Amino acid sequence: MCESNHDDMLFEMLRDCKTLPKFLDDIFGFLQRRTDFYHVSKEENATVGLPEGLAEKLIRHTFMKWKPVSPDIIYTPNEIPVSTEETVVSCTEDLDQVSSTTKDEPEDGVEEFSFSKSEYYNGAVFEHYCWSQSITEIDVIVRIPKDVSTKDLEVKLQSSSISVKLRDGEYILSGDLCEKCKATETVWSLDGRKLLLHLDKCQEKWWNCLIKSEPVLDISKIDCTRAYDELPEHAQVKIEELQWNHERKRLGLPTSEELEVHETLKKAWNAEGSPFSGPFDPTAVKYN
């Protein structure tokens with residue numbers, strides 16, 4: 001597992017907070033105060049806020065991404081590491097995401113439900129599955145029959161194909177992928193009747209379908225904004241500099257550019273031929 005460029009900063013923050021609950025509270029407090037993370041956008045292509053349910057999905061996705069995998073699992077290019085089955089506790093939030101289409105259970109014993117909009121954000125939805133994407137990742141959610149456990153599933157994902165099969169041989173999802181993915185870095189888990197698969201793209205590009213048999217999406221109509229951690233390092237540095245300068249201005253303190261000018265002035269203040277003399281005073285200099 002690679003270390004983040006921000007590990008030292010976060011470790012100092014955790015040490016100040018002393019406990020994980022306080023640390024997480026500060027993180028989410030920052031997201032509420034300084035970002036639009038908690039703002040629910042009402043319009044499909046809104047530039048501010050996230051579609052309803054997407055913030056919760058991002059949190060769960062990040063948790064699953066960094067969840068340790070058992071060292072006993074041996075990776076091969078044609079196999080996917082299997083996670084343990086999760087226990088799902090029903091709550092109001094879950095009920096908002098899964099809605100029953102009928103009050104009575106159908107004759108085949110399979111409860112029907114619909115996928116939420118956040119689950120196929122920038123992707124597509126079909127009868128048995130849906131998928132969403134960012135510029136670097138794909139998330140697939142497959143509806144499975146009732147009372148199916150991880151032992152009843154055979155999930156295969158190669159760099160160019162995907163398949164989900166039940167023990168009786170029935171395929172729920174199968175086909176050639178639109179583009180290549182990093183098969184050995186794929187993870188999946190079972191959440192109630194939802195099979196969750198996470199794929200990392202081999203290239204940073206928008207997919208116009210998950211599998212080649214699907215109708216093609218109009219990429220010009222999807223939300224092409226990128227999450228902060230998906231940006232190149234130099235772009236992240238620039239954003240952090242702009243945020244720091246904004247906060248300095250708000251507090252009435254010099255920005256990074258002004259500090260550079262002050263440092264240059266300080267070096268030349270008492271140099272031979274300098275029009276200034278005495279203690280360094282940057283306020284004595286007027287700029288056009």
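How many aromatic pairs does the count come to in this structure? Let's find out together, and then walk through the rest of the fold.

First, some housekeeping. This is a predicted model, where local features need pLDDT of at least 70 and side-chain atom pairs count only at pLDDT 80 or more, while totals for chains, interfaces and linings use all residues. Residues are numbered from 1 along each chain as its sequence is written, and side-chain values use heavy atoms, with hydrogens and water left out.

Now, back to the opening question. Rings of Phe, Tyr and Trp (its six-membered ring) pair if their centres lie within 6.5 Å; planes under 30 degrees apart count as stacked, over 60 as edge-to-face and the rest as tilted. By this rule, there are two aromatic pairs. One of them is formed by Phe37 and Tyr38, edge-to-face, with 5.4 Å centre to centre and 85° between the planes. And are these residues buried or exposed? Buried means under 20% relative accessible area, exposed means over 50%, and partly exposed is in between, with a 1.4 Å probe and protein chains only. Phe37 counts as buried because its relative accessibility is 15%. Tyr38 has 47% relative accessibility, so Tyr38 counts as partly exposed.

Let's zoom out. The protein chain has six helices and eight strands. Here helices (H or I, at least four residues) and strands (E, at least two) are DSSP runs, numbered from the N terminus. Along the sequence, the pattern reads α-α-α-α-β-β-β-β-β-β-β-β-α-α. Of the 288 residues in the protein chain, 33% are buried. The accessible surface is about 19,600 Å², and carbon and sulfur atoms account for 54% of that; these areas come from the Shrake-Rupley method with a 1.4 Å probe, and for residues only the protein chains shown count as cover. What about contacts, meaning heavy atoms within 4.5 Å? Among contacts in the protein chain with a separation of 6 or more, 49% are between residues 24 or more positions apart.

Next, the sheets. Two strands pair if DSSP finds at least two bridges between them. Five strands form an open sheet in the order β1-β2-β3-β8-β7, with antiparallel pairing. At the edges stand β1 (124-125) and β7, each with a single partner strand, so one side of each has no neighbour in the sheet.

Please find strand β3, residues 137-143. Seven of its seven residues are buried, so β3 is largely enclosed by the rest of the structure. Glu137, Asp139, Ile141 and Arg143 point one way from β3, while Ile138, Val140 and Val142 point the other way. Who are the neighbours? Strand β2 (residues 129-133) pairs with β3 in the antiparallel sense over five bridges, and a hairpin of three residues joins β2 to β3. Across that pairing, Cys130 stands opposite Ile141. Then β3 and β8 pair, also in the antiparallel sense, over seven bridges. There, Glu137 stands opposite Asp200, and Asp139 has His198 as its bridge partner.

Moving on to β7, residues 187-191: four of its five residues are buried, so β7 is largely enclosed by the rest of the structure. Strands β7 and β8 (residues 194-200) pair in the antiparallel sense over five bridges, and Leu190 has Leu195 in β8 as its bridge partner. These two strands form a hairpin with two residues between them, and Gly192 in the turn has a positive phi of about 65°.

Helix α3, residues 54-66, lies across β2, β3, β7 and β8, running at about 100° to β3. For that angle, axes are lines fitted to C-alpha atoms, for helices over the stretch in contact, and angles run from 0 to 180 degrees between N-to-C directions.

There is another sheet, with three strands in the order β4-β5-β6, open and with antiparallel pairing. Its edge strands are β4 (153-158) and β6 (171-176), each pairing on one side only. The twist averages 10° from one strand to the next. Six bridges join β4 to β5 (residues 161-166), and Glu154 has Lys165 in β5 as its bridge partner.

Last stop: helix α5, residues 233-250. The expected span of a helix is 1.5 Å times one less than its number of residues. The 18 residues of α5 should therefore span 26 Å, and the end C-alpha atoms are 26 Å apart, which agrees. Just after α5, Gly252 takes a positive phi of about 75°.

Notes
Contact means heavy atoms within 4.5 Å.
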